[in-house]
Amino acid sequence: MISERLLKELNVQIREELASYYLYLSMSSYFADKNLNGFAGWMYNQAQEEMAHAMKIYGFIIERGGRAIFDALDRPKSDWTDVKAVFEDTLKHEQYITGRINKLVSIAREENDYATEIFLQWFVTEQIEEEANAEDILNKISLLANSPQALYLLDKELGARGSLP
Ligand code: OFO
């Protein structure tokens with residue numbers, strides 16, 4: 001059985017992952033509005049991944065005999081100054097989520113809950129990729145130097161990840 005303290009934090013994490021889903025959908029919509037459909041598709045697919053993260057935790061809570069609680073979500077930010085600002089926010093957000101995952105691992109250790117600690121390892125690894133992806137795109141955006149052609153090519157490249165619904 002999972003401890004009350006850890007269950008509470010895992011439920012907070014479901015909300016954080018759903019908030020990530022909401023934020024990335026909002027970013028996707030921002031890009032679609034600017035006719036950057038490759039960026040929009042990339043963010044839409046990122047949002048889907050966040051929903052999958054939330055469901056992974058939901059499934060784990062159920063498996064361990066706990067009760068999942070779905071808390072209210074705040075309205076996500078919906079406007080940015082430019083493409084770069086969106087990915088700066090993405091990187092900041094992922095760094096925050098990494099901190100949350102590390103906190104969960106610490107609590108699992110304190111509670112001697114080895115099953116939860118092992119479960120969380122997947123998220124530890126995933127966060128390395130999440131931060132690296134955001135950093136990689138941010139670096140590419142820094143090289144654009146206000147060139148519309150370069151932005152068009154990057155939009156095309158990001159669109160390869162998947163399209164809008
Ligand atoms: Fe769920 O990793 Fe991003 O937020």
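This is a short tour of a predicted model, with one selection per stop.

Residues are numbered from 1 along each chain as its sequence is written. Because the model is predicted, local features need pLDDT of at least 70 and side-chain atom pairs count only at pLDDT 80 or more, while totals for chains, interfaces and linings use all residues.

**Whole chain.** Select the protein chain and colour by secondary structure. There are five helices and zero strands, in the order α-α-α-α-α along the sequence. Helices (H or I, at least four residues) and strands (E, at least two) are DSSP runs, numbered from the N terminus. The C-alpha atoms fill a box of roughly 55 × 25 × 25 Å along the principal axes. Of the 165 residues, 31% count as buried; a residue is buried if 20 or more other C-beta atoms lie within 10 Å of its own, exposed if 12 or fewer, and partly exposed in between, with C-beta atoms placed from the backbone. Among contacts between residues at least 6 apart in sequence, 77% join residues at least 24 apart. Two residues are in contact if their C-beta atoms, placed from the backbone, lie within 7 Å.

**Residues 83–110 and 114–142.** These are helices H3 and H4, whose axes come within 9 Å and cross at roughly 165°. Axes are lines fitted to C-alpha atoms over the stretch in contact, and angles run from 0 to 180 degrees between N-to-C directions. H3 and H4 are therefore roughly antiparallel to each other, the term for angles over 145 degrees. The residues of the H3 contact with H4 divide into 15 nonpolar, five polar and eight charged. Ala, Val, Leu, Ile, Met, Phe, Trp, Tyr, Cys and Pro count as nonpolar, Asp, Glu, Lys and Arg as charged, and the others, Gly among them, as polar.

**Glu50.** Move to helix H2, where Glu50 lies. Is Glu50 buried or exposed? Glu50 counts as buried, because it has 21 C-beta neighbours inside 10 Å. Leaving out residues up to four places away in sequence, Glu50 touches Glu17, Ser20, Tyr21 and Tyr24.

**Ile69.** Finish in the loop between helix H2 (37–63) and H3, which holds Ile69. With 13 C-beta neighbours inside 10 Å, Ile69 counts as partly exposed. Gln149 is 80 residues away along the chain, and the C-alpha atoms of Ile69 and Gln149 are separated by 47 Å.

How values were computed
Angles under 35 degrees count as roughly parallel, over 145 as roughly antiparallel, 65 to 115 as roughly perpendicular and the rest as oblique.
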